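Take a look first, then read on.

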Amino acid sequence: MAGIGLTLPSKFTHKPTLSSSTSRSSSSSRCCLSSVKMTVSVDDNKQTTFTLKKSEEAFNAAKELMPGGVNSPVRAFKSVGGQPIVIDSVKGSHMWDIDGNEYIDYVGSWGPAIIGHGDDEVLAALAETMKKGTSFGAPCLLENELAKMVISAVPSIEMVRFVNSGTEACMGVLRLARAFTGKTKIIKFEGCYHGHADPYLVKAGSGVATLGLPDSPGVPKSATADTLTSPYNDITTVENLFNTHKGEIAAVILEPVVGNAGFITPTPEFLKFLKKITKENDALLIFDEVMTGFRLAYGGAQEYYGITPDLTTLGKIIGGGLPVGAYGGRREIMEMVAPAGPMYQAGTLSGNPLAMTAGIHTLKRLQEPGTYEYLDKVTSQLINGILDVGKSAGHEICGGHISGMFGFFFTSGPVFNFEDAKKSDTGKFARFYRGMLEEGVYLAPSQFEAGFTSLKHTHEDIQRTIDAAEKVFKNL
Ligand SMILES: Cc1ncc(COP(=O)(O)O)c(C=O)c1O
């Protein structure tokens, strides 16, 4: 965007808490979001000022209190510049920052908000559960209910263990795979992120990719010595690893569709090949479906692609916005987990009644007919629209979607792995990102993260986003 004044579509609303700054126009630089003030036309008659003043103050205070001002690195906007917006509230497909600015949200709390933020039924169910307390630390019926739903939905899961995050799920599943096979080595793929446990912080995606961290200090060599890596979609490298480390590989873990290096899909033969080679070598195939579970289809990527792994990790959506992770798989493997078996893993808040409630009601909503068709429709409209206006404005851009998960790169593509993804013009992405934010569109603040839509994203939201993209692309 070239000008200082920002005219937003007339439906773009502000909460009454909007900054009362009287400035009608501003000479603030537009190159950085901090201290941005601009004239915004809320409707044909009224003008008000878009400001990020409160966000900036809050974030400056946060930096003194928490490392980098955040509790998870990608939120800090390091790769797109400027400062993060500080959020006040979310509802449906929209969110509001503490300055009162409204955004169409394509992050969805990094995936969980698939039925839309603050769903009324989920909130009502939470209020009911809360009357009974917030934590039992003992078995409750809600655990059985969510477990049954997960088991009947996800093809590979006959038994499940709930934990509190995707990271925990991936830690647990690794110990289980090693315990079951009696072997120690694992294969992971470059750009795939499986949480922040030591053995996975090798060529990882998400924040590790965004911040360009090779491997984190503090991870002892011994912790990653048994982690072998391969480029995604690379059959030959995986074959070589199995040949070189015969009889030593416990498991192959992957994001069946990558979201943590940007959006990357597996080639048709890749998942089939992994299924075959793991079986032939008495290794386990683990789909990390923390992101794709209940998102690509109700049964996740394994239902979508018709490939059933031995073990699966889940997170995000199954907690409906509260902290939940899970791992599950065949009964004979899961029965190794304590106290049924000897593999130890535990959690004070695991199976928490509030978290179970939010998960149950989120999954119930997803079971309604037409949900995944709707997600596919709005997301296809979104990504095709963005690609069209980007190409028309002369940019090299490629991208795609499955159901309510999407992504695009500033390169002509195709993108099969993290090396291809890194060819994207990240400087251009940063400028695009800031332009979109100023237009009231909140995307993930990194080129190497997938985007998400929800059942609450309307065709109007999508059209407004495409219109905004068209405007921003022209001025990149
Ligand atoms: C595929 C995948 N696995 C694991 C994780 C870690 O989950 P959490 O952030 O809940 O610890 C993530 C987080 O984004 C993820 O996308």
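## A buried serine to start with

A residue counts as buried when its relative accessible area is under 20%. Ser93 has 5% relative accessibility, so it goes in the buried class. Keep in mind that this is a predicted model.

Where does Ser93 lie? Look in the loop between strand 4 (87-91) and strand 5 (94-97). Its side chain has a polar contact of 3.5 Å with the side chain of His94. Leaving aside residues up to four places away in sequence, Ser93 touches Tyr103, Ile104 and Asp105, plus Ser454, Lys456, His457 and Asp461.

## The overall build

Zooming out, the protein has 476 residues, and 58% of them count as buried.

## Around the ligand

Which residues sit around the ligand? The list runs Ser165, Gly166, Thr167, Tyr193, His194, Gly195, Glu255, Asn260, Asp288, Val290, Met291 and Lys316. Sorted by class, that shell has three nonpolar, six polar and three charged residues.

Now for some distances. Lys316 has a side-chain N or O atom 2.8 Å from an oxygen atom of the ligand. Asn260 also uses its side chain, with a polar atom 2.9 Å from a ligand oxygen. With Tyr193 it's the backbone: a polar atom there is 3.3 Å from a nitrogen atom of the ligand. On its own the ligand has 390 Å² of accessible area, and the protein covers 82% of that.

## Salt bridges

The salt bridge count comes to 16. One of them pairs Glu190 with Lys203, at 3.7 Å from N to O. Both partners are in the loop between strand 8 (185-189) and helix 5 (207-210), 13 residues apart. Glu190 is buried at 15% relative accessibility, while Lys203 is partly exposed at 42%.

Another salt bridge joins Glu280 and Lys276, whose closest N and O atoms are 3.1 Å apart. Why are these two about one helical turn from each other? They are four residues apart in helix 8 (residues 268-280), which means a separation of about one helical turn. Glu280 is exposed, with a relative accessible area of 52%, and Lys276 is exposed at 53%.

Then there's Asp310 with Arg330, where the closest N and O atoms are 2.6 Å apart. Asp310 is in the loop between helix 9 (300-305) and strand 12 (311-314), and Arg330 is in the loop between strand 13 (325-329) and helix 10 (331-334), so this pair ties together parts 20 residues apart in sequence. Asp310 counts as buried at 12% relative accessibility, and Arg330 as partly exposed at 27%. Shared partners put Asp310, Arg330 and Glu332 into one salt-bridge network.

If you're setting up backbone torsions, here are the cis peptide bonds. One joins Ala338 and Pro339, with omega about 10 degrees. Pro339 belongs to the loop between helix 10 and helix 11 (353-366). Another joins Gly413 and Pro414, with omega about 0 degrees. For Pro414, the place to look is the loop between strand 15 (405-409) and helix 13 (418-421).

Positive phi values turn up too. Asp282 isn't a glycine, yet its phi is about 50 degrees. Asp282 is in the loop between helix 8 and strand 11 (284-288). Ser403, also a residue other than glycine, has a positive phi near 50 degrees. Ser403 is in the loop between strand 14 (398-402) and strand 15.

Is each of these buried or exposed? Asp282 is exposed, with a relative accessible area of 59%, whereas Ser403 is buried, at 4%.

Technical notes. Residues numbered from 1 in each chain as written. Predicted model: local features only at pLDDT ≥ 70, side-chain atom pairs only at ≥ 80, totals over all residues. Heavy atoms only, no water. Buried < 20%, exposed > 50% of the residue type's maximum accessible area, 1.4 Å probe, protein only. Salt bridge = Lys/Arg side-chain N within 4 Å of Asp/Glu carboxyl O. Near = heavy atom within 4 Å. Polar contact = N/O pair within 3.5 Å; in protein donor to acceptor, adjacent residues only side chain to side chain. Areas by Shrake-Rupley, 256 points an atom, 1.4 Å probe, with all protein chains shown as cover. Nonpolar A, V, L, I, M, F, W, Y, C, P; charged D, E, K, R; others polar. Contact = heavy atoms within 4.5 Å.
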